[in-house]
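Please look through the structure shown below before reading on. The paragraphs after it go from a single pair of residues to the chain as a whole.

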Amino acid sequence: MVDLLQRFECVVLKVYKDSVKVEMHDLTKPSNPIEFASIYLSKFNVNDIKLLREGAVFYWNVGNKTKDNGQIIRYSEFVFK
């Protein structure tokens, strides 16, 4: 089970050799200001890297995931539009 804590809509601003710069819009609390982040390409699914180009949109979901044995782990997922 995933307890979603934060959800961002991310717009790719620039793709570099080993990272991507994004503009982040907080969908959990839209009144929050726009944020910016650099994310290493190694954090993305290898099949999704080809989708990273300027103007591309993806969602960044962050939360806690409870495993079947009850252990809680940090959950982070990139989902492409």
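V62 has S76 in β5 as its bridge partner. The model is a predicted one, in which local features need pLDDT of at least 70 and side-chain atom pairs count only at pLDDT 80 or more, while totals for chains, interfaces and linings use all residues. Residues are numbered from 1 along each chain as its sequence is written, and side-chain values use heavy atoms, with hydrogens and water left out.

Strand β4, residues 57-66, pairs with β5 in the antiparallel sense, over 9 bridges. Strands here are DSSP runs (E, at least two residues; helices are H or I, at least four), numbered from the N terminus. Two strands count as paired if DSSP finds at least two bridges between them.

What elements does the protein chain hold, and how many of each? It has 5 strands and 0 helices. Read from the N terminus on, the elements run β-β-β-β-β.

Strand β1 (residues 2-15) and strand β2 (residues 19-26) run antiparallel and are joined by 7 bridges. With 3 residues between them, β1 and β2 form a hairpin. Across this pair, E9 stands opposite H25 in β2. Strand β2 is also joined to β3, by 6 bridges, and these two run antiparallel. There K21 stands opposite S38 in β3.

Put together, the 5 strands form an open sheet with antiparallel pairing, in the order β3-β2-β1-β4-β5. Each of β3 (35-40) and β5 (72-80) stands at an edge with a single partner strand, so one side of each is left without a neighbour in the sheet. From one strand to the next the twist averages 35 degrees; the axes are lines fitted to C-alpha atoms (for helices over the stretch in contact), and angles run from 0 to 180 degrees between N-to-C directions. In a regular strand the side chains alternate between the two faces of the sheet.

Some values describe the whole chain. The C-alpha trace of the protein chain spans about 40 × 35 × 20 Å along its principal axes. Of its 81 residues, 31% count as buried, that is, under 20% relative accessible area, with exposed meaning over 50% and partly exposed in between (1.4 Å probe, protein chains only). Among contacts (heavy atoms within 4.5 Å) between residues at least 6 apart in sequence, 39% join residues at least 24 apart.
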